[in-house]
Amino acid sequence: MRGSTCGLRGRIAALVTAVALTVSLASVPVAAQASSLSGRDTALSSAQVKKLPTLTQELLKLTNNARKKAGLSTLTPTAFISDSSHKWSRSMASKKSLAHDKALKKGFKNGWTFVGENLAKAGDTVTAQRIFDAWLASPGHKKNIYRADFTHFGIASVESKGTVWVTQRFAAYPRVRLSKGKKVTGVMTAPASGALRKADYNGDNLADLLVVTSAGKLRGVYGDGRAKVFHTRTFDTGTFWSTVRLGTAVGDVNKDGANDIVTVTKAGSVFLHRGTGTGPLQAKRKIASGWKNIRLLASPGDVTGDGIPDLVAVHKNGKVLVYPMTKSGNLKAPRVVARDGKKVVRLLGTGDITGDKRADFVMVMSNGKLVTMAGKKGVAKFSRSKQYSSGWKGRKVFSIGDINGDGRGDIIRVKGKTAYVYLGKGKNSWSAAKKMGTIPSARLVF
């Protein structure tokens with residue numbers, strides 16, 4: 001078995017492991033920037049999938065079933081990736097050599113952010129389950145199968161003189177949703193600063209919700225990138241969550257590739273929960289205490305210019321405070337950015353809503369109007385807007401940043417078990433409410 005990883009700068013690290021298997025495997029997950037920001041491919045229809053060899057169909061099904069069971073989004077099989085996989089299986093068969101394609105990146109339409117490949121060679125009586133089990137037994141191959149940001153794939157098997165050659169290829173197109181049987185051109189844009197990625201917990205580059213249920217469970221509600229929710233997974237059932245009264249998505253504090261959250265308990269203790277990138281969170285760590293008088297909490301992103309997301313809080317004494325965070329997750333001394341916090345009923349960590357790539361936040365005032373605190377150049381400096389809009393009084397609203405990938409901060413409203421979204425239009429304006437879907441009965445959503 002052989003595996004290697006290619007990073008952004010083209011560095012290659014090889015791993016060699018001897019395993020007594022009749023199936024020989026190899027894996028090359030590749031990371032690179034897309035050479036173009038547009039791509040065109042065709043999603044395979046169910047009818048086209050049924051025409052594939054039985055072994056290929058079964059491997060497609062096994063892969064998606066495993067991802068679904070793990071709480072990850074399923075992958076879309078596409079014509080171009082399937083075709084390139086088939087060509088490589090034929091090439092290996094003709095050369096009688098299990099080896100990776102040195103031009104692997106050319107096997108995908110432009111616009112991808114990551115690509116990967118698993119290979120297998122076996123006798124022609126091998127089953128799909130045996131191949132899949134062998135892949136899962138290898139850390140490199142398993143990582144490809146469960147990589148959360150992969151969105152599309154293709155598998156091909158070619159039989160030649162009693163030997164089966166299998167190629168499985170993956171690609172991450174985080175902003176493109178291909179329609180069955182239709183060609184779609186999509187534009188892949190990087191997430192806005194402090195926006196989309198800050199609330200992605202399963203690693204698919206799509207914003208998710210966290211729900212603390214009335215029963216005290218923490219559940220993740222995964223988004224689909226189109227301002228819809230599509231899958232709910234229980235993250236934690238421990239008693240801690242029944243003590244939590246405030247929570248916010250903060251983004252990737254320690255730059256480990258997984259997004260984190262901050263919670264405040266009824267006793268006033270503040271905890272940082274590191275993300276895993278695959279859903280459930282790591283063990284919490286206490287980072288502060290004495291926050292009984294903090295009544296609202298949000299994170300708009302980095303407001304101090306050090307690349308680390310920060311917190312905004314409203315104290316009972318009326319002060320609106322920015323708490324700068326460090327990479328280790330500790331809090332620095334707060335800065336006062338407003339003093340009319342007694343009139344603030346909701347705090348929204350929207351991220352950029354003015355289009356200047358700086359972190360902003362929105363305050364919902366007691367009269368039902370909004371005030372935008374637009375980030376300015378400098379450390380925790382803001383330009384305050386006049387009160388605008390109306391009708392927000394009594395609405396249970398919050399923000400996790402940009403949820404549909406257009407670079408504008410959005411606002412979410414929860415009414416009963418239904419979540420709605422007001423999509424940001426820029427310049428302190430939002431669309432009419434659109435239904436996202438049903439979420440678990442919630443005591444707290446962030």
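Colleague: How many bridges join strand β18 to β19, and do they run parallel or antiparallel?

Modeller: Strands of a sheet pair through backbone hydrogen bonds, either parallel or antiparallel. Here, five bridges join β18 (residues 294–301) to β19, and the two run antiparallel. Two strands count as paired if DSSP finds at least two bridges between them. Strands are DSSP runs of E with at least two residues, helices are runs of H or I with at least four, and both are numbered from the N terminus. Before we go on, this is a predicted model: local features need pLDDT of at least 70, side-chain atom pairs count only at pLDDT 80 or more, and totals for chains, interfaces and linings use all residues. Residues are numbered from 1 along each chain as its sequence is written, and side-chain values use heavy atoms, with hydrogens and water left out.

Colleague: Which residue stands opposite Ala313 of β19?

Modeller: That is Leu297. On β20 (residues 320–323), which is joined to β19 by four bridges and runs antiparallel to it, Val322 is the bridge partner of Val312. β19 and β20 form a hairpin with four residues between them, and Gly318 in the turn has a positive phi of about 100 degrees.

Colleague: Is β19 buried or exposed?

Modeller: Buried means under 20% relative accessible area, exposed over 50%, and partly exposed in between, using a 1.4 Å probe and protein chains only. In β19 (residues 310–315), six of the six residues are buried, so the strand is largely enclosed by the rest of the structure. Asp310, Val312 and Val314 point one way, while Leu311, Ala313 and His315 point the other way. For the protein chain, buried residues make up 54% of the 446 residues.

Colleague: What does Leu347 touch?

Modeller: Leu347 lies in strand β22 (residues 344–348) and counts as buried at 8% relative accessibility. Contact means heavy atoms within 4.5 Å. Leaving out residues up to four places away in sequence, Leu347 touches several residues, including Leu297, Val312, Ala313 and Phe361. Met363 is 16 residues from Leu347 along the chain, and their C-alpha atoms are separated by 4.9 Å.

Colleague: In what order do the four strands of the open sheet come?

Modeller: The order is β14-β15-β16-β17, with antiparallel pairing. β14 (244–251) and β17 (284–288) are at the edges with a single partner strand each, so one side of each has no neighbour in the sheet. Four bridges join β16 (residues 270–273) to β17, and Leu272 stands opposite Arg285 there.

Colleague: Now the helices. At what angle do α2 and α4 pack?

Modeller: Two packed helices are described by the angle between their axes and the distance between the axes. Axes are lines fitted to C-alpha atoms, for helices over the stretch in contact, and angles run from 0 to 180 degrees between N-to-C directions. α2 (residues 54–69) and α4 (residues 128–136) pack at about 45 degrees, with their axes 9 Å apart. The two are therefore oblique to each other: angles under 35 degrees count as roughly parallel, over 145 as roughly antiparallel, 65 to 115 as roughly perpendicular and the rest as oblique.

Colleague: Which residues meet there?

Modeller: Among them are Leu55, Leu59 and Leu62 in α2, and Ile131, Phe132 and Trp135 in α4.
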